Amino acid sequence: MPSSSKSPRRKTRSKAQSPALTPSQKRRFQQRLLKWYGEHGRDLPWRKTSDPYHILVSEVMLQQTQVDRVIPKYHEFLDRYPSFEHLAEAPVADVKKTWYPLGYNIRPERLHSIACETVERYGGQLPNDAEELLSFKGIGRYTAGAIRSFAFNEDAPILDTNVIRVLHRVFIAEGDPKAQKAQLWELSEALIPRGKGYDFNQAIMDFGAMVCTARDPYCLLCPMKSICKTYPFDAASNRK
DNA sequence: TTCCGGTCAT
DNA sequence: ATGACCGGAA
């Protein structure tokens, strides 16, 4: 029966198999990332709270807006709407005015609708279940993972542009990163140290924003140097 | 002027 | 799979 034997669980059309994450690679990446984060992690306002509502507001703002622009609006928004109940009661037109000028103005509408639904159907408590979170308009896979890890301390994976870039460079280094999201989601999940989803996810995003940057990453001071499949990153070959 | 980005819709 | 959304940055 040799001809009928199947190679163990592999997608029929892709040839490259998952990037063989060895236990040693995994452990080193985790330890170095968390150590780096302890020394260099940013002190962001939404890391000082455990209120799921505050975390949600920050994550929706951060969906397409940079940290520096979000910070002042985060404070202003929460001053005006300190809870799901306050936000749910507010006219959506006011919420949109408060949102200005962050842009992508569907976001305040969706945030408002999430608040209404949370008050009406969940007694003002944001659910921690992935399926329920994903059922809200405005919460996609990234934000659901962010809420679960940052607001509920679950070991839930996240994958945004920072995480895609970091994981692809360190562990894959071939092909178009955006075309490999399925593998990268698996990596993001497999790498989380048990019980440390919050710190690990915050850490990998800081790392992507501060060291493993899109252009001109700081490879010389990078703690992943010795395990990174892309080191040393050649900026010239990456520019057009 | 072009590129980028989470989510949703096509 | 691809584009709309909207504004910032290269």
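Because K35 and E39 are 4 residues apart in helix α1 (residues 23-40), about one helical turn separates them, and both K35 and E39 are exposed. By exposed I mean over 50% relative accessible area, by buried under 20%, and by partly exposed anything in between, with a 1.4 Å probe and protein chains only.

Before going on, some conventions. This is a predicted model, in which local features need pLDDT of at least 70 and side-chain atom pairs count only at pLDDT 80 or more, while totals for chains, interfaces and linings use all residues. Residues are numbered from 1 along each chain as its sequence is written, chains are lettered from A and ligands numbered from 1 in the order in which they are written, and side-chain values use heavy atoms, with hydrogens and water left out.

As for the overall picture, chain A has 12 helices and 0 strands, where helices (H or I, at least four residues) and strands (E, at least two) are DSSP runs numbered from the N terminus. The C-alpha trace spans about 65 × 50 × 35 Å along its principal axes, and of the 240 residues in chain A, 45% are buried. If we take contact to mean heavy atoms within 4.5 Å, then among contacts between residues at least 6 apart in sequence, 63% join residues at least 24 apart.

Returning to the charged pairs, the rule gives a count of 8 salt bridges. One of them joins K73 to E76, with the closest N and O atoms 3.0 Å apart, and these two residues sit 3 residues apart in helix α3 (residues 67-80), about one turn of the helix. Is K73 buried or exposed? K73 counts as buried because its relative accessibility is 8%, whereas E76, at 37%, counts as partly exposed. Another salt bridge links R121 with E117, at 2.7 Å between the closest N and O atoms; being 4 residues apart in helix α6 (residues 106-122), R121 and E117 are likewise separated by about one helical turn. R121 is exposed, with a relative accessible area of 53%. There is also a network, in which salt bridges that share partners join R42, R47 and D206.

Helix α1 holds a further residue worth a moment, namely Q25, which is buried with a relative accessible area of 14%. Leaving aside neighbours within four places in sequence, Q25 is in contact with A20, F171 and I227.

Now to the nonpolar core, by which I mean a set of buried Ala, Val, Leu, Ile, Met, Phe, Trp, Tyr and Cys residues joined through side-chain atoms within 4.5 Å. The largest such core has 66 residues, of which F29, L56, F77, L167 and F207 touch the most other members. Helix α9 (residues 161-172) supplies the largest share of this core, 7 residues.

Finally, the contact between the two domains. Their centres, taken over C-alpha atoms, are 27 Å apart, and the contact takes 12 residues from domain 1 and 8 residues from domain 2. The area buried between domain 1 and domain 2 is about 850 Å², with carbon and sulfur atoms giving 72% of that figure; buried area here is the accessible area (1.4 Å probe) that two parts lose on being put together, summed over both. On the side of domain 1, A156, W185 and Y198 lose the most area to domain 2, together 50% of what that side buries. Helix α11 (residues 197-210) gives the most to that side, with 5 residues. How many salt bridges are counted between domain 1 and domain 2? The count is 0.

Methods:
Domain bounds come from an automatic or database domain assignment. A salt bridge is a side-chain nitrogen of Lys or Arg within 4 Å of a carboxyl oxygen of Asp or Glu.
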